[in-house]
Amino acid sequence: MSSNHLDHYYRILGLEPGASLEDVNQAYKDLAFIWHPDRVPEDNQRLRQKAEAKLKEINQARDELRSQKPKTPKPPSSPPRKSASNTYYYRARSPRREPTQSRRYYQSREPQQPPSSSRNYYQPREPKQSQRPRSQPDLSGANFQGVDLKEKDLSGRNLSNANLSQANLTDAFLHKVNLSGANLEGANLFRANLFQACLVQANLRDANLIGADLSGADLSGADLRGAKVGTGDRLLVKLTGAILSGTILPDGRIHE
């Protein structure tokens with residue numbers, strides 16, 4: 001394979017040409033996590049198709065680069081032991097016998113008689129009333145500073161103007177959550193699912209956003225100064241279809 005093709009595959013994984021096999025595997029894991037189609041809701045077929053195509057490209061790059069790396073030969077496995085006569089022995093099981101008529105033990109049960117009217121064995125239950133789904137409490141302005149919310153499902157909740165500074169939201173499911181005006185300074189949002197979340201005017205200073213899915217999220221006017229969004233020149237945050245009007249980027253520039 002030509003060096004131009006190899007350089008192309010390195011660029012797909014965001015690596016410099018000649019990177020080690022360990023770097024290739026780690027870059028593949030990071031990108032495969034971000035672009036995995038299962039992280040995109042089924043009702044958004046356009047994004048799912050784009051994620052599937054991207055994942056296919058990442059898989060091809062990983063396979064081609066791994067095929068060029070020398071592999072450590074595995075020690076030969078020891079052959080299975082044989083008997084002294086080099087013959088394998090086994091004992092065949094005899095077929096199961098059907099039980100004879102004389103050994104089938106059972107007692108025919110007489111039909112149960114309904115209870116007499118003189119004894120009350122049960123009381124008829126009243127039909128259950130249809131239960132209404134419980135409405136989720138409004139969490140606007142709530143204080144979750146420093147709280148461990150790892151892997152919590154807060155999808156669709158109203159957390160506008162809530163204090164989530166220094167909170168641990170690793171792998172949290174925040175699909176369509178309302179975080180407008182919320183304080184997320186220094187929060188850990190590693191691999192959090194913020195698909196179509198509302199983060200208008202939210203404070204995300206110094207937050208960890210590596211691996212987070214912000215596809216379709218509204219970040220209008222949000223402050224991301226100092227936020228962690230990748231390593232080096234490689235962006236590790238999914239922003240497909242995100243609204244970034246007036247967003248203050250990690251380097252301090254305002255997105256127009």
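**Group meeting: a cavity, a pocket and packed helices**

Hi everyone, let me start inside the protein: the lining of the largest cavity has four nonpolar, two polar and two charged residues. Here Ala, Val, Leu, Ile, Met, Phe, Trp, Tyr, Cys and Pro count as nonpolar, Asp, Glu, Lys and Arg as charged, and the others, Gly among them, as polar. Please keep in mind that this is a predicted model, where local features need pLDDT of at least 70 and side-chain atom pairs pLDDT 80 or more, while totals for chains, interfaces and linings use all residues. Residues are numbered from 1 along each chain as its sequence is written, and side-chain values use heavy atoms, with hydrogens and water left out.

Which residues line that largest cavity? They are Trp35, Val40, Leu47, Lys50, Ala51, Ser215, Lys238 and Thr240. Helix H3 gives the most, with three residues. The volume of the largest cavity is about 40 Å³. On a 1 Å grid over the protein atoms alone, a cavity is a set of points where a 1.4 Å probe fits but cannot get out; a pocket is an open set with protein on both sides within 12 Å along at least five of seven lines; lining residues have an atom within 4 Å of a point. Grid points are joined across faces, edges and corners, and a volume is the space filled by probe spheres set on the points.

Now the largest pocket, at about 200 Å³. Its lining divides into ten nonpolar, no polar and two charged residues. Asp251 and Arg253 are in that lining, and so are Leu214, Val229 and Pro250, among others.

On to the helices, which are DSSP runs (H or I, at least four residues) numbered from the N terminus. The axes of H2 (residues 21–35) and H3 come within 10 Å and cross at roughly 170 degrees. Axes are lines fitted to C-alpha atoms over the stretch in contact, with angles from 0 to 180 degrees between N-to-C directions. That makes H2 roughly antiparallel to H3, a label for angles over 145, with under 35 roughly parallel, 65 to 115 roughly perpendicular and the rest oblique. Among the H2 residues meeting H3 is Trp35, which also lines the largest cavity.

Finally, H1 (residues 3–12) and H3 (residues 45–68) have axes that come within 9 Å and cross at roughly 130 degrees. H1 and H3 are therefore oblique to each other. Thanks, everyone!

Technical notes
Helix = DSSP H or I, 4+ residues; strand = E, 2+ residues; numbered from the N terminus. Contact = heavy atoms within 4.5 Å.
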